Amino acid sequence: MMMKEKQCFFGMIKEALKIPYRNPNFIIFSFLISLPLFSFMLINDFFIQQTLIQTAKILTQTLNRTTYFDFRETWLGLIEKAIGEVSPKLFLLGFIYLGVLHFLDFLNTVAIVDSASVIYKGETPMNLMDMVCRPIKETRFKGPLITSIYTFMVASFVFLGLISLAEFIFMFSNEVFFVMTIFAVIFIALLIKSVEWSILWNMSIVISVLEEKQGDVALVLSSYHSRGSRKFGFFFMLILFVLSYALRGSCLYMGWSEGGNGIGITSLYVGLVCLGNIFKWLVFVVYFYDCKNHGQEVGTTVTAVKEGYNQGGSSNI
């Protein structure tokens with residue numbers, strides 16, 4: 001059973017990697033449409049790196065002190081000081097992410113999913129111009145946009161929950177161990193569920209692009225189609241999650257070592273994120289069709305069994 005699951009996992013990865021080689025124009029197309037996203041992600045991540053490094057310096061400087069009678073040197077005073085100093089950058093980051101980056105990521109996702117689906121199904125061969133014009137002429141953006149807003153809102157609430165739990169763990173780390181342990185367990189449980197839910201969020205966007213469903217309908221269909229193969233989705237998203245934060249941690253560490261001027265490291269990190277984002281959507285296109293085909297096969301088998309049972313019952317009568 002385990003060997004079968006591994007073959008299924010690597011089989012989907014292999015099928016996803018075949019898509020660019022079936023049509024090499026897809027590689028050029030992905031590169032071109034990812035350039036605007038790369039540029040704004042580079043700006044956004046550079047400001048994130050600067051903000052996190054500045055916050056870490058505040059924490060380090062305050063924790064080295066031995067006086068705890070002043071409110072400014074308590075945990076609440078520490079958080080207030082950090083927020084006060086980095087709040088202008090936080091507003092700028094919010095504008096870049098919500099106003100520009102999220103929209104560019106949405107356009108990038110729709111274009112990649114739509115073109116990858118056509119190539120994977122072996123439909124009409126497309127040249128580079130067809131790939132560029134197809135999202136404008138044939139792809140509908142209303143459904144995917146609504147679903148994207150749905151998933152963004154849900155993911156934001158989950159992220160805020162994780163941030164709040166992390167703050168409580170940080171605040172109680174040196175005071176009440178039992179309370180800190182409770183928050184840590186809740187944090188880990190919510191983190192695992194967020195990885196599992198991300199399967200449904202990503203597949204719902206694929207469904208919105210390919211089947212013109214939207215919002216809660218796409219989320220319900222995503223849950224229905226993936227019900228028999230969520231182990232693959234969870235394992236795949238877990239790998240992406242670990243790699244993403246490992247790269248982020250390495251980028252922050254190198255930026256800290258270079259005094260917050262690691263623009264080259266940040267560029268490399270953003271480039272890998274864009275590449276991983278393309279690969280993620282290729283895998284989810286394959287994953288969607290695999291789940292859908294498997295569901296149709298199961299439905300056909302069940303129907304055949306029912307018809308055979310009914311025919312057998314009629315003959316006995």
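**Reading burial and salt bridges**

Student: What is the relative accessible area of arginine 22, and which class does that give?

Tutor: This model is predicted. Arginine 22 has a relative accessible area of 41%. Buried means under 20% and exposed means over 50%. Arginine 22 therefore counts as partly exposed.

Student: Which residue forms a salt bridge with arginine 22?

Tutor: Start with the general idea. Side chains of opposite charge can pair when their charged atoms come close. The cut-off here is 4 Å, from a Lys or Arg side-chain nitrogen to an Asp or Glu carboxyl oxygen. Now the case. Arginine 22 pairs with glutamate 15, and their closest N and O atoms are 3.1 Å apart. Glutamate 15 is partly exposed, at 22% relative accessibility.

Student: How many salt bridges does the rule give?

Tutor: The count is 4.

Student: Take one inside a helix. How far apart are glutamate 196 and lysine 193 in helix α6?

Tutor: They are 3 residues apart in helix α6, which spans residues 177-211, so about one helical turn separates them. Glutamate 196 is partly exposed at 25%. Lysine 193 is partly exposed too, with 33%.

Student: What distance, N to O, goes with the salt bridge of lysine 292 and glutamate 211?

Tutor: The side chains of lysine 292 and glutamate 211 meet at 2.5 Å, N to O. Look at where each partner sits. Lysine 292 is in helix α9 (residues 263-316) and glutamate 211 is in helix α6, so the pair ties together parts 81 residues apart in sequence. Lysine 292 has a relative accessible area of 25%, which makes it partly exposed. Glutamate 211 is partly exposed at 24%.

Student: Which residues do salt bridges with shared partners join into one network?

Tutor: Glu15, Lys18 and Arg22.

Student: Now another feature. Is asparagine 44 buried or exposed?

Tutor: Asparagine 44 has a relative accessible area of 5%. The cut-off for buried is under 20%, so asparagine 44 is buried.

Student: Where does asparagine 44 lie?

Tutor: In helix α2, which covers residues 25-63.

Key
Residues numbered from 1 in each chain as written. Predicted model: local features only at pLDDT ≥ 70, side-chain atom pairs only at ≥ 80, totals over all residues. Heavy atoms only, no water. Helix = DSSP H or I, 4+ residues; strand = E, 2+ residues; numbered from the N terminus. Buried < 20%, exposed > 50% of the residue type's maximum accessible area, 1.4 Å probe, protein only.
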